[in-house]
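I opened my notebook to go through one model, element by element, and to write down what I looked up. The entries follow in the order in which I made them.

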Amino acid sequence: MRIRRCAHLLLEPHDVVSVDLAALVRGSMATRVQPRWLARAAHQREPVEVDAEDMRVLGSIGAGTWMECPVGTPDAAIIAGLLEKGLLLSDDPAHRLACQGDEQLREGHWWTPMAVAHAHSRWGGVDSVTDMHARGLDTAAGLRRMFGPPPAAVHARPGHYQGLPLQEQTGFDALLAQRSTCRNFDTARHLPLPLLAQLLQRTVMAHAQVEVDADAVFLKKNVPSGGGLHATDVFLLVQRVQDLVPGLYHYHPVQHALLRLPSPAAADLPALSRRLLSGQQWFADAAVLLVLAPRFERSFWKYRDHSKAYRALVLDTGHIAQAVQTCATEAGLGAFITAAINEADVDAAFGLDGTGQGAVAVCGVGWRAAVRQTAEFDPPRVPQPA
């Protein structure tokens, strides 16, 4: 059997603090700190604990080439334990899944710190709203009470600020002032299909193609993208759109067309929407959810093992989200963008692996409800359309 270390691995110091019972019996309050080390591998979703001997052996085995597994040596038991933890890999069929996950990351040209951060920051089955409510962190007053005052809204630097002339406002300024995050959607009103088509056409449709070669095509869209790669796909969860069957879809930016994917029953879509949005029921009622899912493999084709590649993809999703917000506002729709999503559940729903491609954020659009049951952070003194 041959072995090697996994390609993307970080070690994290983690202190476990406990009450010193002996000191408590003596009448004094003391804590005991027990240092631990957690190993975070990018092909795994959870950290595993390691000790000094594990780290010593990990440091002695390379990640680049296979080596014969030592037999009958003092380290044999440690190596066996590291194989079970998935930190060492082997060509034995018993470790096939770990090897496949590691190999996909190697071929995807991930930068190790971001590969680990991406893998270990993904949520699955999290209800963030219930958690915030239980901790009293679902209101600004609750946050202030728990954490104290936030840093100042504006950090002025020492010196004299030169005032800038205010310019006469145009219709575009009025449009920008109308933009807000909608938390109250009309669940009885359907979105016209042409309006959804227009939104996609203005934001993520490819308006031109540049063909460098038959197998090297670059798209031109109305939003900027790192390296001009436009690696972010849009998937849709459609709940209320006229002439469109409720369900899950993939948007083709060149054909300007939707492909219906295997979907749950329409009656199950509201629960799925809420689960994907980590319990944010005020967003789950949107007529359409737009899942922004970068194809990491396309971006990392150019930016191989690059420290800025993942950041550029996150910026790409922000550019798309801002365009969606502006275009939705112009059309009289409510819209939102959130990164508080259950990425693992989103990826599973749309058939994504999370490594070659995975969800980063979700936008939503729909008609605003006439009654605001959930507080919204609208711009001040600007009436919002019903």
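**Entry: histidine 43.** I began by asking which residues histidine 43 touches, not counting residues up to four places away in sequence. With contact taken as heavy atoms within 4.5 Å, I listed Cys6, Gly86, Leu89, Ala98, Gly101, Asp102 and Leu105. Histidine 43 is found in the loop between E3 and E4, where helices (H or I, at least four residues) and strands (E, at least two) are DSSP runs, numbered from the N terminus. Its relative accessible area is 17%, so histidine 43 is buried; buried means under 20% relative accessible area, exposed over 50%, and partly exposed in between, with a 1.4 Å probe and protein chains only. I also noted that histidine 43 and histidine 8 are 35 residues apart in sequence, while in space they are 7.7 Å apart, C-alpha to C-alpha.

**Entry: what I am looking at.** This is a predicted model, in which local features need pLDDT of at least 70 and side-chain atom pairs count only at pLDDT 80 or more, whereas totals for chains, interfaces and linings use all residues. Residues are numbered from 1 along each chain as its sequence is written, and side-chain values use heavy atoms, with hydrogens and water left out.

**Entry: the sheet E2-E3-E4.** I then turned to an open sheet of 3 strands in the order E2-E3-E4, with antiparallel pairing; two strands pair if DSSP finds at least two bridges between them. Strand E2 (9-19) and strand E4 (48-50) stand at the edges with a single partner strand each, so one side of each is left without a neighbour in the sheet. Neighbouring strands of this sheet are turned by 45 degrees against each other on average, direction ignored. Axes here are lines fitted to C-alpha atoms, for helices over the stretch in contact, and angles run from 0 to 180 degrees between N-to-C directions. Strand E3 (residues 31-41) pairs with E4 in the antiparallel sense over 3 bridges, and alanine 39 stands opposite valine 48 in E4. H5 packs on the sheet, touching E2 and E3, and its direction makes about 50 degrees with that of E2.

**Entry: helix H5.** Which residues of H5 are buried? I found Thr112, Ala115, Val116, His118, Ala119 and His120, and these buried residues pack against E2, E3, H4, H12 and helix H13 (309-330).

**Entry: the sheet E5-E1-E6.** Another open sheet of 3 strands has the order E5-E1-E6, with antiparallel pairing. Strand E5 (67-68) and strand E6 (88-90) are at its edges, each with a single partner strand, so one side of each is left without a neighbour in the sheet. Strand E1 (residues 2-5) is joined to E6 by 3 bridges, and the two run antiparallel; isoleucine 3 stands opposite serine 90 in E6.

**Entry: helices H2 and H3.** Helix H2 (residues 52-60) and helix H3 (residues 76-85) pack at an angle of about 85 degrees, with their axes 10 Å apart. H2 and H3 are therefore roughly perpendicular to each other, since angles under 35 degrees count as roughly parallel, over 145 as roughly antiparallel, 65 to 115 as roughly perpendicular and the rest as oblique. On the H2 side I found Glu53, Asp54, Arg56, Val57 and Leu58, which meet Ile78, Ile79, Leu82 and Lys85 in H3.

**Entry: aromatic pairs.** How many aromatic pairs does a search of the whole structure find? It finds 10, where rings of Phe, Tyr and Trp (its six-membered ring) pair if their centres lie within 6.5 Å, and planes under 30 degrees apart count as stacked, over 60 as edge-to-face and the rest as tilted. The rings of tryptophan 110 and phenylalanine 296 have their centres 4.9 Å apart and their planes at 55 degrees, so this pair is tilted. Tryptophan 110 is in the loop between helix H4 (96-108) and helix H5 (112-120), and phenylalanine 296 is in helix H12 (residues 296-302), 186 residues apart. Tryptophan 110 counts as buried at 3% relative accessibility, and phenylalanine 296 counts as buried at 0%. Trp110, Phe296, Phe300 and Tyr310 form one aromatic cluster.
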